[in-house]
Amino acid sequence: MKYLMYCIFTEDSIEPHHSLAGVNRSPVRIVSCDGLAAAVSVIPQKEIPRDPSTGLDYHKVIQWFHERTGVIPLRLGTCLGHESDVVQLLHAHGELYKSLLKELNGCVEMAIRVIHNRPKTQEPACMSSLISRSDGTESGTDYLIRRKVLFDADELAISRNQELVERYHSPFLGLYVSFKAHTSKLSRLERDRNSVLTSLYFLIPRQSADSFRAIYGDLRTGLHERIMLSGPWPPYNFVLPEDCS
């Protein structure tokens, strides 16, 4: 058997409802130590499935506690062998958890995702001859030219992305407590090979969610990029890996 951990919070009178079930429909229980508590469920000692259904069940438990108190959400798959191990974890990292909970207190996470295209660069005329080579050879000069074109494209993409992040986060200045942004390729599919996904995460006071949505509504008017708003969520992106395990 294993103890699957969902989230950590300050110990108080919160008890999980009898109908609250976690992964594998296992009952959720509380393990406490030194003023902290962890939501856990006992599961068979086997690999936890990484399918959408399991992820949804895991998130539902975290969301249930998050709606009632501030939480540190943990990664799916955070397991310990015994209840005493959970107690030891809370005891060993208690000050860190309490400090983080103080920072996250009363806050929720809002996310804006922007799908946009990498900017095109002007290729030198000689690039066509490099592409058309059929013998697999490449001179030193050809290599340097090709590398410069790729470097210029990356530099332009970085510059444009910084402008995009600034454009999308500046309207929310004064509303959020913390902010993060992450950019990645959208897909390997042919139709999306030039698309980029930029995710912007905002940690905001819980009571500011409606104001955030209103600003977002004004922001999206007349935009050319594909954008999507989600939240409020538990503060998944404001808990560093070393903070939560």
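Of the 245 residues in this protein chain, 40% count as buried, meaning under 20% relative accessible area, with exposed over 50% and partly exposed in between, using a 1.4 Å probe and protein chains only. Please keep in mind that this is a predicted model, where local features need pLDDT of at least 70, side-chain atom pairs count only at pLDDT 80 or more, and totals for chains, interfaces and linings use all residues. Residues are numbered from 1 along each chain as its sequence is written, and side-chain values use heavy atoms, leaving out hydrogens and water.

On to the fold: the chain has six helices and nine strands, taken as DSSP runs numbered from the N terminus (helices H or I, at least four residues; strands E, at least two).

Rings of Phe, Tyr and Trp (its six-membered ring) pair if their centres lie within 6.5 Å; planes under 30 degrees apart are stacked, over 60 edge-to-face, and the rest tilted. That rule gives nine aromatic pairs. Take F9 and F65: their ring centres are 5.1 Å apart and their planes at 20 degrees, so this pair is stacked. F9 belongs to strand β1 (residues 2-10) and F65 to helix α1 (residues 52-66), so the pair ties together parts 56 residues apart in sequence. F9 is buried at 1% relative accessibility, and F65 is buried at 0%.

Elsewhere, F172, Y176, F179, F202 and F212 make up one aromatic cluster.
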